[in-house]
Amino acid sequence: QVQLVESGGGLVQLGGSLRLSCAASGSIFSINGMGWYRQAPGKQRELVAAISRGGNTNYADSVKGRFTVSRDNAKNTVYLQMNSLKPEDTAVYYCNAEVVVAFTGTLDAWGQGTPVTVSS
């Protein structure tokens, strides 16, 4: 069993900052890619940022230059530093990881989501 637990969401004013964290736990041998998705009401879930085990990153065009994704492989944790927040960033943010489960294989794991609300 693998669990992803997000933290750091909340309310913030336009232009403010938040840092999201996601810690993976369970029968983990290693984690390949990790990333963040978000979903606003009535909209599709979209990729926000992703990072490979080796540190290669990619970002949605809408957040590039404002958000930074990073990870700590020893802690099985991925972070999303969110700066210059806009109301359009309001969504539930979900952590995702491709986890190599010990003695089993690879699975795609998701967290429960943490809400981010940006007020104008």
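Me: What is the relative accessibility of Asn76?

Reply: Asn76 has 21% relative accessibility, so Asn76 counts as partly exposed. Buried means under 20% relative accessible area, exposed over 50% and partly exposed in between, with a 1.4 Å probe and protein chains only. Please note that this is a predicted model, in which local features need pLDDT of at least 70 and side-chain atom pairs count only at pLDDT 80 or more, while totals for chains, interfaces and linings use all residues. Residues are numbered from 1 along each chain as its sequence is written, and side-chain values use heavy atoms, with hydrogens and water left out.

Me: Where does Asn76 lie?

Reply: Asn76 lies in the loop between β7 and β8. Strands here are DSSP runs of E with at least two residues, helices are runs of H or I with at least four, and both are numbered from the N terminus. Asn76 is not a glycine, yet its phi is positive, at about 50°.

Me: And Phe103, what is its phi near?

Reply: Phi of Phe103 is near 65°, a positive value in a residue other than glycine. Phe103 is placed in the loop between β9 and β10, the latter spanning 105-110. With 90% relative accessibility, Phe103 counts as exposed.

Me: Now the cysteines. How many disulfides does the count come to?

Reply: The count comes to 1 disulfide, a disulfide being a pair of cysteine sulfur atoms within 2.5 Å. Cys22 and Cys95 form it, with their sulfur atoms 2.0 Å apart. Because Cys22 lies in strand β3 and Cys95 in strand β9, the pair ties together parts that are 73 residues apart in sequence.

Me: Is that disulfide of Cys22 and Cys95 left-handed or right-handed?

Reply: The disulfide is left-handed, because the torsion about the S-S bond of Cys22 and Cys95 is about -85°.

Me: Are Cys22 and Cys95 buried or exposed?

Reply: Cys22 is buried, and Cys95 is buried as well.

Me: Which residues have the most contacts inside the largest nonpolar core?

Reply: Trp36, Leu80 and Tyr93 have the most contacts inside the largest nonpolar core, which has 33 residues. A nonpolar core is a set of buried Ala, Val, Leu, Ile, Met, Phe, Trp, Tyr and Cys residues joined through side-chain atoms within 4.5 Å. The elements giving two or more residues to this core include β1 (2-7), β3 (18-26), β4 (28-39) and β9 (91-101). The largest share, 6 residues, comes from β9.

Me: Why would such residues gather at all, in general terms?

Reply: In soluble globular proteins, nonpolar side chains tend to be buried together.

Me: Moving to pairing: over how many bridges do β4 and β9 pair?

Reply: β4 and β9 pair in the antiparallel sense over 9 bridges, where pairing requires that DSSP finds at least two bridges between two strands. In this pairing, Gln39 stands opposite Val92 in β9.

Me: In which sense do β4 and β5 pair?

Reply: β4 and β5 pair in the antiparallel sense, over 5 bridges. Gly35 stands opposite Ala50 in β5, and Met34 has Ile51 in β5 as its bridge partner. The hairpin of β4 and β5 has 6 residues between the strands, and Gly42 there takes a positive phi near 80°.

Me: Which residue in β6 is the bridge partner of Ala50?

Reply: Asn58 in β6 is the bridge partner of Ala50. Strand β6, residues 57-59, pairs with β5 in the antiparallel sense over 3 bridges. β5 and β6 form a hairpin with 5 residues between them, and Gly55 in the turn has a positive phi of about 100°.

Me: One last topic, from the other end of the chain. Which strand does Leu11 lie in?

Reply: Leu11 lies in strand β2, residues 10-13. Leu11 counts as exposed, at 72% relative accessibility. The C-alpha atoms of Leu11 and Thr90 are separated by 9.3 Å, although the two residues are 79 residues apart along the chain.
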